Amino acid sequence: MISIDRALELVLGGLEPLGAERAPLADAAGRVAAEPALSAVDLPPFDRSAMDGYVVRAADTAPGVPLRLAGGVAAGEVATAELEPGTAARVSTGAAIPKGADAVLQSELAEERNGAVTPARAIDVGRHIRFRGEDLHAGAVLAEAGARLTLPKISALASAGVGDVAVHRRPRLDLIVTGSELLPLGAPPEPGRIHESNGLMVGLLAARAGAVVNDHGVVGDDREATIAAVEEGLAGDVLVVSGGVSVGPHDHVKPAFEQCGVDEVFWRVSIKPGKPLWFGRRDRTLVFGLPGNPLSTIVCFSVFIAPALRRLGGEREARPRYEAGRLTVPARASDGRTEYLTAALRPGADGVLEATPTERQGSHMTGALGESDGFAIAPEDAGELPAGAPVDVLRLD
Ligand code: AMP
Ligand code: MG
């Protein structure tokens, strides 16, 4: 049995981002840029009006002195003629400023009558004009290689005339769920059988970690069927097999990995729930055998697989997403393994998450999981932690 930290080193050490592909902005959102993404245009791309009103020559404007009205420019249009001295032209917000004009007289300060516009006061040069390039210039770097394409960056790229960007490829996760006892979601109960939930949870957690899931469905506890499914599942970046990784007579997953030439890196980690976690590799494919208890699956996925997927997707430093918390009651790890306790998590007066472990704890306690917001982590070597002790928490939302 190895420590969680050692297991993380073995999973994450040397893991490089996957190659690049071009993705349209909608699909690139949340992913990691593989090359710098540059603005294609100046922003604004041309001098534009910030107001509805009239373009004028500022020097012509004086309180109560009418200017002859000479047409107008709507958004999307470009005036062909220069604005003559002593004239004004209607302009809408966002429209291009015609040659000759150097300011915008906003409607509220103008009176239009009989083909003339009279300003209420003199206007300064540049008033209400958004100048070309005042925000940024074409070629400016909007996202460095390695940066996550957050919504602010995606919005800026769209405005900057960029339609697609080079991002790291999404990891493909092949998923096999084993267990002859498993009933489909929502199926009528049957004697001796339980409802499947790990496939659902791995799919949801994998999508949040940026993976594309290739779901092979449920395989019964049969040696040949397990081998066939594993061989097929080894074609992607990550293979996750749920259940069957212990030493019972119906646990065919480890022999199937061996048969398919997957090299074992470790089996068994000092984590509760999740001790029978198995990890290995075949060529570039990472292979995880998850213990079948639903809480073990969720904990092992969140701690080991999600960071691996995020690293493959380009987030080089990805780690488990722990947050700082504080216990409201005493807690301790049992069995000498670091324990992930299902816990209610509520922000305290100082904003720190206060963790209250649920009364029922156990890798099969999916009801207690439903009462929790995630896990509070009691380290294996910490002994009894008093109420108020700082703990790491893993939030699931
Ligand atoms: P295993 O790791 O296959 O020995 O399974 C451990 C426990 O988890 C058993 O009680 C299984 O019935 C249960 N289990 C296995 N797979 C699933 C699943 N996909 N959904 C819900 N429970 C499961
Ligand atoms: Mg099983």
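Visitor: How do helices α4 and α7 lie relative to each other, roughly parallel or roughly perpendicular?

Guide: In this predicted model, α4 and α7 are roughly parallel to each other. To read that off, look at the angle between the axes: under 35 degrees counts as roughly parallel. Here, the axes of α4 (residues 198-208) and α7 (residues 294-312) cross at roughly 25° and come within 10 Å. The crossing of α4 past α7 is right-handed.

Visitor: Which residues make the contact between α4 and α7?

Guide: From α4, look for Asn 198, Met 201, Val 202, Leu 205 and Ala 206. On the α7 side there are Pro 294, Thr 297, Ile 298, Phe 301, Ser 302 and Leu 309.

Visitor: Now the ligand. How many residues surround ligand 1?

Guide: There are 16, and the closest are Glu 181, Glu 196, Ser 197, Gly 244 and Gly 292. For polar contacts, look at pairs of N or O atoms within 3.5 Å. Glu 196 has a polar side-chain atom 2.7 Å from a nitrogen atom of ligand 1. Ser 197 uses its backbone instead: an N or O atom there is 3.0 Å from a nitrogen atom of the ligand. A polar backbone atom of Asn 293 lies 3.1 Å from an oxygen atom of ligand 1.

Visitor: And where is Arg 316?

Guide: Find the loop between α7 and β22 (322-327). Arg 316 and Pro 17 are 299 residues apart along the chain, yet their C-alpha atoms are separated by 7.0 Å. Leaving out residues up to four places away in sequence, Arg 316 touches Glu 16, Pro 17 and Arg 311.

Note on methods:
Residues numbered from 1 in each chain as written. Chains lettered and ligands numbered in written order. Predicted model: local features only at pLDDT ≥ 70, side-chain atom pairs only at ≥ 80, totals over all residues. Heavy atoms only, no water. Axes fitted to C-alpha atoms, helices over the stretch in contact; angles between N-to-C directions. Helix = DSSP H or I, 4+ residues; strand = E, 2+ residues; numbered from the N terminus. Parallel < 35°, antiparallel > 145°, perpendicular 65-115°, else oblique. Left-handed = near helix turned anticlockwise from the far one by under 90°. Contact = heavy atoms within 4.5 Å. Near = heavy atom within 4 Å. Polar contact = N/O pair within 3.5 Å; in protein donor to acceptor, adjacent residues only side chain to side chain.
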